[in-house]
Amino acid sequence: MSITTFETEPVAIGNQLLGTGQSVYVISEIGINHNGDMQIAKQLIDVAATSGANAVKFQKRTPDISTPMDMRDKIRSTPWGDMTYLDYRYKVEFDAAQYKELIRYAASLGLHAFASPWDVPSVHFMEEQGAVTHKVASASVTDLELLRALAETGKPIILSTGMSTIEQIDAAVETLGTDKLVLMHATSTYPLPPEEANLRTINTLQERYQVPVGYSGHERGLQISLAAVALGAVTVERHITLDRTMWGSDQASSLEPKGFESLIRDIRILETAMGDGVKRVFPGELAPLSRLRRVDA
């Protein structure tokens, strides 16, 4: 298997550079795994910080706008009892004061905190809370109104590309521009089977758009995310949870604290192991060389 990486201009997110040759920017996707509980949200931020991540990410919705009409009145069983899907969506949202507290708490631990806004008011909401960047969820790739609002912020944008054709990604990239854009290869199957990972798309996106490309994973285990780093992913995003058996649609495909810590440990080892590609004799080889090689060149 050949591996080709493409040099791209780095994108700055806060005090971090995302790009070829930079340390992999690890995003802890909290999403809605907090189940609307501030204490759980802070515990997940603690997990991200302890594990060595760079950022935590939430999902921000205005439920009256972002909830599909045919889903609103469906009854869902929840830990708070049976309720409509719309009421459930409100139940797991945080307000402005709570977001300010979460962003401040993350910053106190050295982490960026931001969100995937799912509608235009949510873009303005996250701007008011001081998010350093915005993430576009794969489901929003074709929402050009949302993308235009994000472009107007002037902030760096991270765009996931799951469930999207190359033509749809073309339109999204044209709308957002490429000056401060990071793409994320993703396949929106939960959990992701290996045969749908299609990791070589990382190189396809790098070559086509000439911007930094990362990987947003929904698989079980660590192997696919680590392979993405070896293929040149400049950022890795994984869902995290306190316990995969907790209630919630994303919990089962999330990493628990020990697994997430292992992922970041292995990413950092892999970064060091990739080297610069220049073949040389390393210092550690000199003793075996003198002991084992019989014929000098």
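**Contacts, overall build and two residues**

Let's start with contacts, meaning heavy atoms within 4.5 Å. Of the chain's contacts with a separation of 6 or more, 67% are between residues 24 or more positions apart.

Some ground rules. This is a predicted model, where local features need pLDDT of at least 70, side-chain atom pairs count only at pLDDT 80 or more, and totals for chains, interfaces and linings use all residues. Residues are numbered from 1 along each chain as its sequence is written, and side-chain values use heavy atoms, with hydrogens and water left out.

Next, the overall build. The chain has eleven helices and twelve strands. Those are DSSP runs, numbered from the N terminus: helices are H or I with at least four residues, strands are E with at least two.

On to burial. Buried residues make up 50% of the 297. Buried is under 20% relative accessible area, exposed is over 50%, and partly exposed is in between, with a 1.4 Å probe and protein chains only.

Now the annotation. UniProt, in an unreviewed entry, lists residues 44-279 as "domain: PseI/NeuA/B-like". UniProt positions are in the numbering used here, feature names are shortened, and annotations may be inferred rather than shown by experiment. Over residues 44-279 the chain is 41% helix and 18% strand. The end C-alpha atoms of that stretch are 42 Å apart.

First up is Ile 65, in helix α2, residues 63-66. Which residues does Ile 65 touch, leaving aside neighbours within four places in sequence? Arg 72, Asp 119 and Pro 121. Pro 121 is 56 residues from Ile 65 in sequence, yet their C-alpha atoms are 8.9 Å apart.

Then Glu 196. Glu 196 sits in the loop between β10 (181-186) and α8 (201-209). Glu 196 is partly exposed, because its relative accessible area is 36%. Ala 186 is ten residues from Glu 196 along the chain, with 9.7 Å between their C-alpha atoms.
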